[in-house]
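Please open the model in a viewer and follow the stops below in order.

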Amino acid sequence: MGDVDDFPDLKNDLIIRAAWGQPTEKVPVWIMRQAVTLQPLRRFDLDAAIIFSDILVIPQALGMEVEMRPGVGPVLPDPLREPSDLTKLTYPCDVQLQLGYVFEAITLTRRTLNGKVPLIGFAGAPWTLMGYMVEGGGSKTMSLSKGWLYKWPEESHKLLKILTDVIVEYLVGQIKAGAQLLQIFESNAEYLGPKQFSTFALPYLKEIKLCVNQRAQEQNLPKIPMILFAKGSCSVLSAIASVGYEVISVDWTIKPETARKTVSSNTSLQGNLDPCALKANPAEIESMVEEMVHNFGTQKYIANLGHGIYPDISPDSVAIFVKSVHEVSEKLNKNSGSPA
């Protein structure tokens with residue numbers, strides 16, 4: 001594993017400045033699910049790379065089998081159907097041993113990037129991972145995993161705590177390996193009402209942030225910004241904004257103005273063009289980007305889609321999106337006398 005002091009100097013720190021709330025001459029942009037780590041950077045003027053991995057490496061580290069089935073997606077053939085199944089988990093687990101390949105990939109990628117842009121590491125959030133582990137894959141209702149919360153709240157907390165501990169260790173390992181930002185994906189936030197979210201999701205998101213900061217400090221690792229993306233989180237946005245992440249990423253169902261009013265002025269925002277909007281014609285994409293950047297503002301802001309990019313999107317549309325973000329924000333900055 002690399003020594004974080006020994007990496008190439010960073011040439012483009014735009015996204016890191018935006019995440020810390022520092023002045024930026026233009027808005028940084030990257031795209032969730034921007035495919036293989038290095039390939040998109042050769043084609044598009046993106047301001048960050050993200051590791052090529054999957055959120056389900058955590059259940060794998062805990063001893064669960066994960067299969068990627070064509071046309072279906074991830075499947076966990078032996079899910080947790082009742083509390084007694086928790087004994088099937090390998091916990092405590094050796095994160096360094098089980099997930100060392102991810103750390104090696106981060107170090108190698110950071111070196112290969114040669115300082116071109118920062119590298120983002122990530123993990124799935126506890127509730128989102130619990131959903132996959134109980135449902136045995138994706139679900140349109142999450143009724144089995146939500147059933148756990150109602151039927152077995154104590155055991156649900158036990159599982160969520162196990163996941164939190166492993167996630168913290170995994171994220172600290174990523175910092176050590178060379179990740180320069182971290183994003184937490186709470187992709188299944190939308191299935192929980194405000195009360196359930198504040199009971200079974202929010203405390204663990206807060207604990208992850210606090211513990212990662214604390215462990216990084218104890219190990220003399222760099223302090224790096226963390227992004228929280230909770231999909232479908234309109235109703236709990238103010239609660240999410242209170243748990244200390246430097247950046248809150250919002251999906252396309254939230255108006256930028258609403259997000260700005262709801263989130264503290266110390267917090268940066270990320271988002272939020274509808275991924276399907278990239279199917280529009282070039283002029284319309286440019287117009288939507290202009291409106292989005294204008295409404296978020298050019299400072300304390302990272303442009304992105306409101307969720308992951310879809311496989312059928314034309315690369316030409318991606319290029320227009322990325323170029324428009326940079327051009328529109330630079331122009332707005334010049335016109336308003338914002339950072340040069």
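Predicted model: local features only at pLDDT ≥ 70, side-chain atom pairs only at ≥ 80, totals over all residues.

What share of the contacts in the protein chain with a separation of 6 or more is accounted for by residues 24 or more positions apart? The share is 72%.

**The whole chain**

Display the protein chain as a cartoon: it contains 14 helices and nine strands. Its radius of gyration is 20 Å, close to the 20 Å that the globule rule gives for 340 residues, so the chain is as compact as a globular protein of that length. Along the principal axes, the C-alpha trace spans about 60 × 45 × 40 Å. If the display is coloured by accessibility, 55% of the 340 residues count as buried.

In soluble globular proteins, nonpolar side chains tend to be buried together. In this model, the largest nonpolar core has 118 residues. Helix H8 supplies the largest share of this core, with twelve residues. Select next Met133 and Phe321, the residues with the most contacts inside the core. Around Phe321, leaving aside neighbours within four places in sequence, the residues in contact are Val29, Ile31, Leu273, Leu278, Ile285, Val289, Met292, Asn304 and Leu305.

**Helices H6 and H8**

Proceed to helix H6, residues 126-135, together with helix H8, residues 153-177. The two pack at an angle of about 115°, and their axes are 9 Å apart. The crossing of H6 and H8 is right-handed. To view the contact, show the side chains of Pro126, Trp127, Leu129, Met130 and Met133 on H6, and those of Ser156, Leu159, Leu160, Leu163, Thr164 and Ile167 on H8. Nine of the residues in this contact are nonpolar, two are polar and none is charged.

**Leu119 in strand S4**

Finally, select strand S4, residues 119-124, and centre the view on Leu119, which lies in this strand. Is Leu119 buried or exposed? Its relative accessibility is 0%, so Leu119 counts as buried; the cut-off for buried is under 20%. Leaving aside neighbours within four places in sequence, Leu119 is in contact with Thr37, Ala49, Ile50, Ile51, Ile106, Thr109, Arg110, Leu113, Ala179, Gln180 and Leu181. For a distance label, pick the C-alpha atoms of Leu119 and Ala179: these residues are 60 residues apart along the chain, and the two atoms are separated by 5.4 Å.

Definitions and conventions:
Residues numbered from 1 in each chain as written. Heavy atoms only, no water. Axes fitted to C-alpha atoms, helices over the stretch in contact; angles between N-to-C directions. Helix = DSSP H or I, 4+ residues; strand = E, 2+ residues; numbered from the N terminus. Left-handed = near helix turned anticlockwise from the far one by under 90°. Contact = heavy atoms within 4.5 Å. Nonpolar A, V, L, I, M, F, W, Y, C, P; charged D, E, K, R; others polar. Buried < 20%, exposed > 50% of the residue type's maximum accessible area, 1.4 Å probe, protein only. Core = buried A, V, L, I, M, F, W, Y, C linked by side-chain atoms within 4.5 Å. Rg over C-alpha atoms; globule rule 2.2 N^0.38 Å.
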